[in-house]
Each structure stands twice: as structure tokens, then as C-alpha cells.
Amino acid sequence: MARRLPALSPKTQRILIWVGGGAAALVLAAIVGLLIAVYTARASLPSFEELKSSPNGQMIRVHAADGTVIVSLGPSYGEWIDYANIPAPMRDAMVAIEDRRFRSHWGVDPVALARVTKFAFDNRGTDRRLQGASTITQQVARTIFLSNKYNMSRKLREMILALALERKFTKDQILELYLNKVYFGGGAYGIDAASRTFFAHPATNLTLSEAAVIAGLVKAPSRYSPTADAEAAIGRASVVLDVMVETGALTPDEAAAARPAQVKLAPPAKQNSVRYFTDWALPQLEVLIDETVAPLDVWTTIDLKMQNAATRAIQANTPAGAQGALVSLDRDGAVRAMVGGRDYVSSIYNRATQAVRQPGSAFKLFVYLAALEAGHRPEDRVVDEAVTIKGWSPRNNSGRFSGEMTLRSAFAYSINTVAAKLGNEVGFGTVADMARRFGITTPVNTQPAMVLGTSNVRLIDMTRAFASVNQKGVAVTPYAITRVTANGAVIYQHEVDTSRVLVAPYVAAQMTDLLQTAVNTGTGRAAQIGRPVAGKTGTTTSNKDGWFLGFSSGLTTGVWMGRDDARRVGGLQGGTAPARAFSAFMKPAVAGRPVEQFDTEVTLPEWQVEPDAEAYGEPDNTIYVDEDGNPVQREESNPEAIFGAEEDAPPAEKGQIDQDWIDRMTGRGTREPPPPREAAPSPPRQPSERIPPRQPPESERSRIPPRPLQESRPNE
């Protein structure tokens with residue numbers, strides 16, 4: 001016989017009634033509040049047509065200098081596919097894998113909600129994300145109206161919006177919105193963009209296997225992308241097919257007939273070297289404009305013909321196993337070409353703007369600029385001799401000293417001892433200040449060996465410095481973006497600043513004198529292009545880096561070559577592969593520009609001493625050792641490695657002049673070398689003593705146009 005429960009006391013009954021009534025009231029109030037929130041949200045929802053047209057994110061179109069669109073970034077949208085035109089396998093696959101009770105719930109799935117509530121309770125106090133409760137309707141609400149931030153507040157707003165969407169739109173309309181707006185990876189929003197991205201055809205032609213692949217992407221677009229991990233994408237597509245069988249969307253035979261592994265993927269888009277430029281340029285938008293919503297058109301400085309020429313020059317001339325980079329600036333600083341490596345697909349690392357490497361003797365630009373500003377002139381006589389500065393004894397790569405010569409000769413043949421003496425004379429801090437003045441942004445040391453390029457620099461900074469010399473001492477700042485428009489309205493316009501003068505015009509002219517001599521008769525002969533060129537080579541210890549930087553017809557170009565791991569590259573010198581790449585690029589780059597003469601005429605060195613290969617601190621012998629310590633022959637000990645065929649090489653004996661060779665190399669008639677300028681003896685100067693600037697002759701200060709320079713001919 002069942003035992004009766006004890007009767008509740010009247011007081012307990014009253015308490016239970018009050019508690020029950022209070023709970024019912026709270027539930028009723030919550031329901032009323034929820035209904036008010038839902039219908040308020042419903043009233044504020046845009047129309048279906050408005051939702052179809054609203055974008056997800058900001059699109060950016062990047063234009064070359066001629067207006068050509070070179071890349072489109074941001075979200076990609078295909079054609080809007082109406083519900084009736086969406087293939088049934090695509091609709092069924094998405095519902096099966098993402099929300100199998102889509103047709104029966106009111107926007108929020110109670111079963112999934114109970115599961116996520118338990119998950120939240122079990123993992124309270126942890127950082128684990130809420131997952132597994134979002135219906136297709138909730139995902140539409142999140143995609144269009146909310147962020148992806150994971151918290152309970154956003155989840156509650158998501159559910160209210162989902163319930164409102166279900167009150168305003170049909171299930172077919174909600175599914176249509178979802179399939180046309182959800183993100184599938186690779187920048188593709190909507191099934192049409194995804195189908196074109198991954199399969200190269202519109203979504204209306206999707207097969208069952210392709211639909212299974214696309215449906216599987218929503219959970220983790222990057223993880224299951226068929227272009228990133230085909231095996232993972234196929235495995236996920238198989239899961240989709242299995243779920244479709246479970247939900248009755250497919251029969252087992254139909255699922256077995258599908259072959260996700262045999263879907264034909266679209267070939268990957270070609271990524272050419274212009275992406276080095278756009279990767280460098282586009283982050284600058286963050287400081288140039290505030291617009292983050294409206295579609296943008298970004299108009300840039302890049303010249304596609306020059307860019308293609310730069311790509312060919314680097315790929316054709318960079319030694320095997322090495323990397324190459326090139327950047328070319330117009331006279332106002334506009335970047336016309338930028339190549340950050342041999343192949344953007346295999347390496348997106350931009351060596352033109354990111355890599356910091358030793359410039360070798362290319363750094364002597366700043367040494368000689370400081371000396372010229374301090375009062376030296378190209379005709380000043382110096383002595384190439386053994387010298388020790390603070391325990392450091394620089395050597396010339398030739399292993400010998402050539403005695404007295406002009407500054408012009410010392411620069412043309414990159415004599416290390418003379419550069420060291422000049423740096424010591426003007427002060428190493430002065431040289432460092434000159435480098436920073438001309439745009440070197442990396443730290444510059446002030447040890448004596450700094451004059452030979454021991455401080456790491458960026459190629460774009462070095463190119464900027466040479467461009468400023470080309471502009472008669474006026475600062476040149478590289479820029480990539482000329483203007484930005486949003487919905488057709490200009491929101492940014494670049495303005496060139498020509499107000500900063502770095503050195504006096506006569507100093508820049510004298511520096512150009514030295515630079516053009518280095519190309520015509522010195523270490524940079526391989527950079528000749530059949531018109532006036534001024535430039536400088538650079539080579540670092542053990543041939544780890546090769547540089548050539550120069551300018552002609554208003555265009556300044558810098559080239560660097562070397563290995564990313566800074567290991568030796570056999571035979572690499574600034575006057576070889578980098579100079580050849582410079583020439584290969586500049587010939588087509590300036591072909592349509594008028595020939596421009598420099599302010600100063602090419603003046604030949606007094607004698608043709610053997611050019612130095614810019615190595616510093618090396619033994620005075622012809623043996624190098626490789627990375628493993630094994631002896632290797634030093635290529636630059638062979639004169640032909642520098643000058644080419646023997647018939648084109650200058651005489652090596654000090655003081656001997658071969659006039660025929662001079663005429664062939666410069667394209668000029670016979671002229672007598674200038675008599676040596678008598679220099680009055682002066683008392684010795686302490687290294688720290690600042691040299692008072694010498695006023696230039698009146699002719700230099702007024703910059704009376706000199707005699708025209710005859711155009712040099714290329715080697716035949």
C-alpha cells in the first residue's frame with residue numbers, strides 16, 4: 001500500500017504559491033520582453049532588396065600609373081543567385097551540414113541551444129568559445145549585422161535578430177541570403193564567388209561533389225580550403241555527403257557516386273612581382289586616409305612596362321641560389337618599379353624594402369659627400385698608401401697601393417685606403433650624419449670601417465640617397481600612392497615636397513662628377529646604357545652582397561643581390577651581376593625619355609689603376625675560404641672577372657695611359673689629361689678637427705652650364 005506524503009502546512013503552501021507565481025510572472029515578463037525585442041528588431045530590419053545589396057567589408061582596387069587595375073583586394077562578390085537558380089545539391093548540402101532542423105525551428109534551435117547552454121556551464125571560468133548553437137538564420141544575422149566577437153551579449157542579440165528575421169522573411173529568402181553572403185575563404189563571399197574562385201565557373205553549374213566541398217568550407221574556411229589543403233577539403237566534403245545521407249537529402253548510392261577527390265580546381269591566380277609593390281604601398285593607407293567602409297580606388301605610381309623590365313632584369317641576371325631586388329624612383333620620388341625577389345609566389349619577402357644588408361663601397365657616397373661639403377674637390381690629390389686608424393688597417397683588394405691620385409680616381413676605382421683617410425679627416429660622425437641626412441633610416445655605426453659600408457641599410461633608402469644627388473641635393477622621398485578615391489570622390493592627393501635641401505647644388509654636381517666617372521671608366525662599366533649614367537658599385541666581404549645604384553635621364557635605380565642567409569655567392573660583385581641588371585632594366589626604362597646631360601662633364605682619371613672590388617679587411621692574397629673553411633679561388637683576382645675580354649681591359653701599370661682604350665670607353669676624342677694642381681703644404685689636422693668649408697669658385701656657385709657632354713657609346 002502506497003505511503004501518503006505528509007500534508008503541507010498552510011504556510012508552506014502559501015510560499016510555494018508565491019514562488020510559483022513569481023516564477024511564472026518572471027517567465028511571462030521574459031516572454032513579453034523577448035517579444036517586444038523581437039518585434040522591435042523586426043521593425044528596424046531593412047527590406048530583402050536592401051539586404052541583398054549591402055556589402056560585407058571594404059573593397060580596394062589598385063591602379064597602375066596608366067590606370068590599369070593591377071589587383072583587387074578585400075571581399076570578392078560573385079553574381080547574386082536567386083533561390084530558384086541555386087542548384088538543389090548546394091541548398092541541401094548547406095542545410096544538412098550547418099542546420100539540419102532549419103525548416104522546423106523559429107530561428108533558434110532549442111536542441112542546439114540546450115547543448116550550448118550545457119557547454120557554457122561546464123566551461124564557466126575558462127576561455128573556451130561558445131560553439132555549436134548557431135542556426136543558418138543566426139549566421140545570417142551575425143554576417144550582416146554583428147561582429148564575430150564571442151560572448152553571451154552578442155549571442156543574445158544574435159538570437160533576437162534571428163527570431164526577427166524569421167518573422168519578416170521566408171525560409172527560402174533566409175537561405176538565399178545565407179548562400180549569397182556567407183564567407184567561404186579566399187576572400188570569397190557567397191557561393192558564386194566561391195565557385196568562381198575554386199572551380200572557375202558560376203555557382204549555377206555546381207555539381208554535387210563541388211557543392212559538398214563548398215558547404216564544408218563554412219566551418220573553417222582556411223583549414224578546409226581546397227587550394228590550401230586539398231586533402232582536408234576532400235575529407236570535409238565526404239563528411240558533408242555522409243550527413244546528407246543521414247538527413248535523407250541523398251541516398252547512399254547517390255552519395256557513393258559523388259567523387260570529391262576528382263573535382264577540377266581552378267588554376268591559382270598568377271602572382272607577379274607587382275605584388276611586392278602593392279604589399280608595400282597599401283599599408284600606407286592607414287595613415288593617409290580614415291575611410292574604412294566605402295569601396296576605394298587607389299591610384300599608384302607603378303609603371304607596368306618598367307615593372308616587367310625590372311622583373312626580367314632580376315630573373316635573368318641574379319646568380320643561381322641568390323636573390324635579387326630592384327627599386328626605381330622617378331625624379332620626384334615616385335616608385336616606378338619594385339622587385340623584392342626572384343619570384344613572389346615562392347617568397348613574398350620584400351628585399352627592396354625590408355631586408356637590411358651591408359652596402360659595401362656603395363656607402364662611400366656619404367663619405368665623399370661629406371668630404372666635398374667640407375671643401376674637397378674632385379681634382380684634389382690624395383695618396384693611396386698604407387694607413388692605420390684606431391688599430392684598423394684597410395686594404396685594397398688589389399693587394400697594392402697606387403700612390404698619389406685625384407679624388408676622382410680614388411672614387412672611380414673604389415680605393416679603400418683613400419675612403420678611410422677621408423672619413424678620418426672629416427670625422428666618422430660627420431659621415432654618419434650625412435647618411436642619415438640623405439635618408440638612411442637604419443642605425444649607422446661610427447667605427448672607422450664604417451666608411452666601407454659595415455652598417456646595414458635598406459635598398460630603398462640607398463636608392464633614395466642617390467636620387468637626392470640626382471636632384472641636385474634636394475631631398476627625394478619615395479612614394480607609391482598618388483591619389484585615393486571613394487565612390488568617385490578624391491579623399492587623398494599626394495603633394496611632392498621639394499623644400500628640403502640636403503647639400504648645396506655644387507656639392508651634388510661634384511658628386512655626380514665622381515659617380516659618372518665610376519661608370520664610364522671605373523668599377524661600374526657594366527652599367528653603361530648608351531647615354532650618360534652616374535652610379536656606384538658595392539661589394540661586401542666574401543662576396544655576400546653585390547650592389548649597384550645609379551641614375552640617368554631622371555630615373556634612379558638601385559639593385560641588390562645576395563643570399564637570404566648571407567652566405568657567400570661565388571663571383572658576385574657590384575660591378576658584375578647587379579650592374580648588368582641595372583643596365584638591362586634602364587635601357588628599356590629610359591628609352592622613351594630624352595637624353596639628359598649632367599651638370600659636369602666626364603673627366604678621366606689621371607691613370608688607369610686596377611679597380612678595386614670593394615672588399616674590406618681581407619687578406620692580401622688570392623685565397624678565400626668558404627663557409628666550411630675550405631680554400632677557394634677568389635674570382636675577383638682575375639682582371640677579366642671585372643673588365644671582361646682582355647682587349648677591353650685597361651693597362652695595369654701605374655701611370656700608363658692607353659688613349660685608344662680611353663676613347664673607346666668614353667666615346668670622346670683625344671684630350672690631354674689636366675695638369676696636376678699644386679697643393680700648398682698644410683699642417684697636420686687632428687681627426688676630430690672639423691674642416692672649414694671651402695667656398696666653391698664663382699663658376700661653380702653660379703652653375704654656369706658647362707661644355708656639353710658627348711654621349712658615351714656602349715661596349716661593342
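View 1. Accessible areas here come from the Shrake-Rupley method with a 1.4 Å probe, and for residues only the protein chains shown count as cover. This is a predicted model, so to speak: local features need pLDDT of at least 70, side-chain atom pairs count only at pLDDT 80 or more, and totals for chains, interfaces and linings use all residues. Residues are numbered from 1 along each chain as its sequence is written, and side-chain values use heavy atoms, with hydrogens and water left out. Of the 716 residues of the chain, 52% count as buried; buried means under 20% relative accessible area, exposed means over 50%, and partly exposed lies in between (1.4 Å probe, protein chains only). You'll find 24 helices and 16 strands, which are DSSP runs numbered from the N terminus (helices are H or I with at least four residues, strands are E with at least two). Take the contacts between residues at least 6 apart in sequence: 72% of them join residues at least 24 apart. A contact means heavy atoms within 4.5 Å.

View 2. The predictor's confidence in each residue is its pLDDT, from 0 to 100. The chain averages a pLDDT of 81, and 78% of the residues score at least 70. Over residues 607-716, though, the pLDDT is below 50, and this stretch has 206 contacts in the model beyond near neighbours in sequence. Residues 126-130 also stay under 50, with nine contacts in the model beyond four places in sequence. Where pLDDT is low, the predicted coordinates should not be read in detail.

**View 3. A nonpolar patch along the surface.** Val27, Ile31, Leu35 and Tyr39 form a nonpolar patch, with about 390 Å² of accessible area together. Patches are made of residues with over 30% relative accessible area and no salt bridge; like charges are joined within 9 Å, and nonpolar side chains (Val, Leu, Ile, Met, Phe, Trp, Tyr) within 5 Å. Tyrosine 39 sits in helix H1 (residues 10-44). It counts as partly exposed because its relative accessibility is 46%.

View 4. Side chains of opposite charge can pair when their charged atoms come close. The structure holds 23 salt bridges, each a side-chain nitrogen of Lys or Arg within 4 Å of a carboxyl oxygen of Asp or Glu. In this one, the closest N and O atoms of glutamate 49 and lysine 52 are 3.9 Å apart. The two are three residues apart in helix H2 (residues 48-53), so about one helical turn separates them. Glutamate 49 is exposed at 51% relative accessibility, while lysine 52 is partly exposed at 22%.

**View 5. Two strands tied by arginine 61 and aspartate 297.** These side chains meet in a salt bridge of 3.0 Å, N to O. Arginine 61 lies in strand E1 (residues 60-63) and aspartate 297 in strand E5 (residues 296-300), so the pair ties together parts that are 236 residues apart in sequence. Arginine 61 is partly exposed, with a relative accessible area of 38%, but aspartate 297 counts as buried at 15%.

**View 6. Arginine 101 with aspartate 109.** Here the salt bridge spans 2.8 Å, N to O. Arginine 101 is partly exposed at 30% relative accessibility, and aspartate 109 is buried at 5%. Elsewhere, salt bridges that share partners join Glu49, Lys52 and Asp82 into one network.

**View 7. Serine 414 and its two polar partners.** A polar contact is a pair of N or O atoms within 3.5 Å; within protein, one must be able to donate a hydrogen and the other to accept it, and residues adjacent in sequence count only if both atoms are side-chain atoms. The side chain of serine 414 has such a contact with lysine 536 at 3.1 Å, and another with serine 361 at 3.1 Å. Lysine 536 belongs to strand E12 (residues 534-539) and is buried, with 0% relative accessibility. Serine 361 sits in the loop between strand E7 (335-339) and helix H15 (364-374), and is likewise buried at 0%.

**View 8. Helix H15 under cover.** Ten of the eleven residues of H15 are buried, among them Phe366, Tyr368 and Leu372. The buried residues pack against several elements, including helix H16 (407-412), helix H20 (505-520) and E12. Just after H15, glycine 375 takes a positive phi of about 125 degrees.
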